[in-house]
Structure formats: structure tokens, C-alpha cells
Amino acid sequence: MDPISNPFAPGAGTRPPALAGRDELRETARIAIARIARGRPAKSLLMVGLRGVGKTVLLDQIRDDAEASGADCICIEAPEKRSLPALLAPQLRLALLRLSRNDKAKAVAQQGLRALAGFVGALKIQFADIEVGLDFDPEPGLADNGDLEHDLQALFEVVGRAAAEADTTLVLFIDELQYVAEAELAALITALHRTGQRQLPIVLVGAGLPQLRGRMGNAKSYAERLFDFPFIGPLTDRDAEQAIEQPILDERAAIEPEATAKIVEQTRGYPYFLQEWGKHAWDCAAQSPIDCADVDNASILAIAALDEGFFRVRFDRLTPAERRYLRAMAALGPGPHRSGDIAESLGRDVQSLGPIRSKLIDKGMIWSPHHGDTAFTVPLFDEFMRRIMPDGQ
Ligand SMILES: Nc1ncnc2c1ncn2[C@@H]1O[C@H](COP(=O)(O)OP(=O)(O)OP(=O)(O)O)[C@@H](O)[C@H]1O
Ligand SMILES: [Mg+2]
């Protein structure tokens with residue numbers, strides 16, 4: 001069928017033609033943000049899930065919903081090896097500049113910009129990557145201690161007061177939060193704790209790999225009480241069917257139910273894979289309706305595309321020793337696996353593999369669902385590892 005009108009959208013953070021199965025989470029976020037706006041307590045939301053499950057697009061959707069309801073939004077993606085203060089400072093500055101255009105909030109927002117100047121001045125030795133334009137001179141004693149936890153609290157408090165004056169809610173969206181260092185997470189948690197206690201309208205909606213939950217708990221033991229950690233999983237069969245069928249119907253075409261079922265089965269309902277299969281099924285079909293034979297052809301192309309893209313980019317970042325570790329895991333099946341079993345199949349002891357395992361966790365390739373267990377963060381990665389390293393070497 002015509003590739004130009006192909007509705008499917010495989011990609012990182014690429015909006016799907018139909019955002020299936022996430023209405024409940026959107027509603028949870030809407031309620032939390034609306035409660036904060038009214039000065040009522042609500043937990044910040046941290047959505048955790050495997051690679052390609054749809055965290056980023058859900059965050060984007062929640063941001064659109066929040067903006068439509070009048071909230072002021074800040075969006076950050078935490079890349080590896082950037083500090084949180086460096087990511088936050090320019091965005092907080094823009095938010096404060098926006099708030100300073102509001103007559104009622106102007107004075108407090110300007111105080112916020114002074115706090116930001118103090119914050120940046122005091123922390124730029126420790127966080128050399130901070131780069132931000134400064135609009136005001138610092139106010140001595142305001143957010144300029146040089147201690148991140150203390151200064152971020154002070155800064156958030158002024159920002160929160162400015163948002164309150166402007167009758168708005170500041171929603172902080174942070175993607176890939178698992179890459180933020182634990183000390184910086186601790187400062188973020190403390191700052192949000194403080195604004196929560198003062199009933200100031202700031203709320204965090206974050207997303208990250210499943211290890212985020214443990215990292216937040218390590219950073220501050222009370223994080224569990226301050227945040228909800230909804231798990232973003234694969235779609236249910238019904239939602240996965242909708243993710244495939246709806247966009248096709250919207251293009252006035254059709255797919256046979258058996259063909260949809262085949263896609264759902266092969267993708268296990270994982271959103272990224274649904275988009276990839278949907279795209280190839282459409283392109284393989286000569287005419288509507290898309291049938292099972294089209295899906296069989298599409299499967300070959302979809303797997304090849306994943307092997308060259310989604311899986312491959314992650315594989316390329318691995319050292320030979322890390323590849324051997326993941327290949328040993330893959331030999332044991334989809335997982336999770338006991339770290340002892342992985343070590344045994346490599347003929348090594350668990351301790352000596354500790355550094356490799358930690359590196360793989362830092363790179364976001366694996367995580368530990370329970371103590372002593374190891375699982376892939378990329379769905380179906382075990383099958384890929386067996387394909388790309390067929391003889392286990
Ligand atoms: N609910 C959904 N229904 C249909 N397709 C979806 C859904 N959520 C995400 N997708 C599609 O899945 C793909 C991956 O989405 P996204 O980049 O948001 O995942 P992610 O969890 O952020 O992945 P990563 O961990 O790699 O950042 C995109 O092509 C997107 O269009
Ligand atoms: Mg993402």
C-alpha cells in the first residue's frame with residue numbers, strides 16, 4: 001500500500017498514530033497536577049519501564065495535557081554524564097523569565113532569578129558544565145551556599161513561590177532520570193519534599209528505566225513515600241490490537257483480525273515493536289486488507305530493522321567483555337537470571353564479574369528486579385544477542 005500514507009511511527013520518542021492503553025496514567029497525572037494546583041498534596045509521578053515501551057511519548061502527552069490545563073512546563077532529558085544542575089538551570093531561568101512577565105509574580109520571579117545567579121555562582125566549580133545566562137546579580141545568602149542539596153531547596157522554594165503568585169503550577173518533566181547521579185537525585189528529592197511541605201505548586205513527572213526506583217530509594221529512603229512509580233509495561237492484547245488497527249482504519253484501510261493477532265503475538269505488545277511491525281505490514285501489503293501473508297513478510301523486515309537500529313545502537317556501545325556477559329545471559333533465556341547462574345555459565349565467580357555488571361547497569365542495559373537477579377532493560381534483547389553472536393563468542 002502507499003508508503004507515503006503509512007501511519008506507523010517507529011522511533012525514539014516519535015509520537016504514535018494512536019497512543020493506546022495509557023488513558024489511566026494520563027488521568028492519574030492530570031489529577032496529581034490539578035491537586036497540586038489547588039494546594040493539595042499529591043505525589044510526584046515517576047514512570048518506569050523497559051526500553052521502547054513508550055515512556056517518552058507518554059511524558060510528551062502528559063505535558064500537552066498539562067499545558068492545555070494552564071500549567072507551566074519545563075522539559076529536560078537527562079543524558080549520560082551531564083549534571084542535573086546544568087540541565088535544570090537554563091530551564092528554570094526560562095520559567096522564571098516567563099513568570100516575571102506576570103505582574104503579581106514579577107517581584108518574586110526576579111528574586112528567583114537572583115537565587116539562580118547565586119546558585120550557579122556557588123556551584124559552577126563543582127558542576128563545570130553549568131552554562132546559563134544571568135539576568136540579575138545574586139542576593140547574598142540566597143541559594144549560594146555551594147551545597148547542592150541546600151541550594152536547590154532554596155531555589156525551588158523561590159520558584160515555587162513565584163508560580164504560586166502567578167496562580168500557575170510548575171510541572172517539571174525529566175526523562176531518562178536513571179542517568180542522574182544519586183547525590184543529585186537526593187537534592188532533587190529534598191527540594192521537592194520542601195516545596196511539598198510548603199504547599200508550593202511544583203510537581204515532578206519523570207520517566208526512566210526500572211533501576212530508577214532503587215536509585216531514588218538509595219538517594220533518600222523516604223523517596224518511596226514522596227513518589228508514585230507506575231510501571232509502564234507492554235500493552236494488553238486489546239490495547240495492542242487497537243495500536244495496530246486504529247491507525248489503519250484512520251487511513252480508510254483494513255487489516256484481517258488474524259493478521260493483527262499475529263503482530264500482537266510476535267511483538268508481545270511492546271510499543272516500539274508494534275510500530276515497527278505495523279509499518280512493515282503496511283508496506284508489504286499490495287492492497288487492503290493487510291493479511292497474514294503480509295505480516296509474515298513484514299516480520300522478516302521488522303526483525304532486520306530492529307537488528308540494524310533499536311538493538312544495534314545498544315550493542316555497539318558495549319565492550320567485548322560486556323557483550324560476553326550479555327551473551328551468557330541470553331543463553332539462559334529471557335530472564336531475569338540469578339547473577340550466580342550467569343557467572344557459572346561464564347566459568348567465573350560472581351565477585352569478579354561485579355564491575356562488568358555495574359557498568360552494564362550504568363549504561364542502562366540491565367537492571368536488578370530483586371537482589372541477586374539480573375534482567376535485560378531492552379525487551380527481546382536475549383533473542384537479538386543469540387542472533388548477533390550465534391556461536392556464543
Ligand atoms: N501507547 C502506545 N501505543 C502505540 N505506540 C506507542 C505507544 N507508546 C509508544 N509507542 C511507540 O513506541 C515507540 C517507542 O516510544 P518511546 O520512545 O516513548 O519509548 P521509551 O520508553 O521512551 O523508550 P526508551 O527507553 O528507549 O527511551 C515509538 O515509536 C512510539 O511511537
Ligand atoms: Mg524514551
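Reply: Helices (H or I, at least four residues) and strands (E, at least two) are DSSP runs, numbered from the N terminus. This is a predicted model, where local features need pLDDT of at least 70, side-chain atom pairs count only at pLDDT 80 or more, and totals for chains, interfaces and linings use all residues. Residues are numbered from 1 along each chain as its sequence is written, chains are lettered from A and ligands numbered from 1 in the order in which they are written, and side-chain values use heavy atoms, with hydrogens and water left out.

Me: How many helices and strands does the protein chain have?

Reply: You'll find 17 helices and eight strands.

Me: And what does the radius of gyration say about the overall build?

Reply: The radius of gyration is taken over C-alpha atoms, and the globule rule is 2.2 Å times the number of residues to the power 0.38. For 393 residues, a compact globule would come out near 21 Å; the protein chain has 23 Å, which agrees. Its C-alpha atoms fill a box of roughly 70 × 60 × 35 Å along the principal axes.

Me: What share of the residues is buried?

Reply: Here "buried" means under 20% relative accessible area, "exposed" over 50%, and "partly exposed" in between (1.4 Å probe, protein chains only). Buried residues make up 51% of the 393 in the protein chain.

Me: Now sheets. How do I read one?

Reply: Strands of a sheet pair through backbone hydrogen bonds, either parallel or antiparallel. Two strands count as paired if DSSP finds at least two bridges between them. One open sheet here has five strands in the order 2-3-4-1-5, with parallel pairing. Strand 2 (72-77) and strand 5 (227-228) are at the edges with a single partner strand each, so one side of each has no neighbour in the sheet.

Me: Which residues stand opposite each other in that sheet?

Reply: Let's walk across it. Strand 2 and strand 3 are parallel over six bridges, and Ile76 has Ile174 in strand 3 as its bridge partner. Strand 3 then pairs with strand 4 (residues 202-208) over five parallel bridges, where Leu172 faces Leu204 of strand 4. Strand 1 (residues 44-48) and strand 5 share two parallel bridges, and Leu45 stands opposite Asp228 in strand 5.

Me: Is strand 3 enclosed or open to the outside?

Reply: In a regular strand the side chains alternate between the two faces of the sheet. Six of the six residues of strand 3 (residues 170-175) are buried, so it is largely enclosed by the rest of the structure. Leu170, Leu172 and Ile174 are buried on one side, and Val171, Phe173 and Asp175 are buried on the other.

Me: What about the antiparallel sheet?

Reply: That one is an open sheet of three strands, ordered 6-8-7. Strand 6 (337-338) and strand 7 (366-367) are its edge strands, each pairing on one side only. Strand 6 and strand 8 (residues 373-376) are joined by two bridges and run antiparallel, with Arg338 opposite Asp373 in strand 8.

Me: Which residues does Arg22 touch?

Reply: Contact means heavy atoms within 4.5 Å. Not counting residues up to four places away in sequence, Arg22 touches Val53, Leu58, Ile232, Gly233, Leu235 and Pro271. Arg22 lies in the segment before helix 1 (23-37) and, at 8% relative accessibility, counts as buried. Arg22 and Ile232 are 210 residues apart in sequence, yet 8.8 Å apart in space, C-alpha to C-alpha.

Me: Last one: which residues other than glycine have a positive phi?

Reply: Two to look at are Gln199, with phi near 55 degrees, and Arg268, with phi about 55 degrees. Gln199 is in the loop between helix 6 (182-197) and strand 4 and is exposed, with a relative accessible area of 54%. Arg268 is in the loop between helix 10 (257-267) and helix 11 and is partly exposed at 43%.
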